[in-house]
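I opened this model to look up its strands, its core and one of its helices. My notes are kept in the order in which I checked things.

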Amino acid sequence: MTASSLPQSQHIAAGSVSATRTGPRTYLGRTERGDTVQIGPADVAGHITPGELLKLALAGCAGMSSDRVLARRLGDDYETEIWAHGQSDEKEERYFAIDEEILLDLDGLSEEELAKLLAVVRASIDRSCTVARSVKDSIALSKTVNGVTL
């Protein structure tokens, strides 16, 4: 079957994504808006593995969920980098734990301001991160801000 001879999905709606095979174990991921990402094994240049996509989804979701509260407290031009660390269990073929690490410039905050910031970041991510809320019963998720556990 070629891509043009495939049947059309009857369920495309907002939030739908697709993965079209481009070669052995490689796919082109696409949103219904037309945005794309190359998916494949780690040894294929320019491709992101499904596990990396999962971790990117967690990191991006944590960032988007905490963005407004951080911008209010640190300024609209605040900088952050969010990492998601974790290796899948080769035997089980699944992730048991992923650690999210949020890095911020917190110079100038008092201990009280830092404590409040950490609390609102935690609450914001817990309340708004759809990805983390979806996987939390399957994967142990931990979060830190500059090494401080949330």
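**Ground rules.** The model is predicted, so I note that local features need pLDDT of at least 70, side-chain atom pairs count only at pLDDT 80 or more, and totals for chains, interfaces and linings use all residues. Residues are numbered from 1 along each chain as its sequence is written, and side-chain values use heavy atoms, with hydrogens and water left out.

**Entry 1, the sheet.** I took helices (H or I, at least four residues) and strands (E, at least two) as DSSP runs numbered from the N terminus. Two strands pair if DSSP finds at least two bridges between them. I found an open sheet of three strands in the order β1-β2-β3, with antiparallel pairing. β1 (17-23) and β3 (36-39) are at the edges with a single partner strand each, so one side of each has no neighbour in the sheet. From one strand to the next the twist averages 25 degrees; axes here are lines fitted to C-alpha atoms, for helices over the stretch in contact, and angles run from 0 to 180 degrees between N-to-C directions.

**Entry 2, strand pairs.** I counted six bridges between β1 and the antiparallel β2 (residues 26-31). Arg21 has Tyr27 of β2 as its bridge partner, and Ala19 stands opposite Gly29 in β2. The hairpin of β1 and β2 has two residues between the strands, and Arg25 there takes a positive phi near 60 degrees. β2 and β3 are joined antiparallel by four bridges, where Leu28 has Gln38 of β3 as its bridge partner. Their hairpin has four residues between the strands, and Gly34 takes a positive phi near 100 degrees.

I used buried for under 20% relative accessible area, exposed for over 50% and partly exposed for in between (1.4 Å probe, protein chains only). A nonpolar core is a set of buried Ala, Val, Leu, Ile, Met, Phe, Trp, Tyr and Cys residues joined through side-chain atoms within 4.5 Å. The largest nonpolar core has 23 residues, and those touching the most other members are Leu70, Ile98, Ile102, Leu104, Val121, Ile125 and Val145. At least two core residues come from each of α1 (50-74), β5 (97-104), α2 (111-128) and α3 (130-135). α1 gives the most, with six residues.

Which residues of α2 are buried? I list Leu117, Leu118, Val121, Ser124 and Ile125. They cover an arc of only 135 degrees around the axis, which puts them on the same side of α2; the arc is that of the directions from the helix axis to the C-beta atoms. They pack against α1, β5, β6 (140-145) and β7 (148-149). The face turned away from this buried side carries exposed Glu112, Lys116 and Arg127. With contact meaning heavy atoms within 4.5 Å, Val121 touches Ser66, Val69, Leu70, Ile102, Val145 and Leu150, not counting residues up to four places away in sequence.

I placed Thr49 in the loop between β3 and α1. Thr49 counts as buried because its relative accessibility is 15%. Not counting residues up to four places away in sequence, Thr49 touches Gly40, Pro41 and Ala42.
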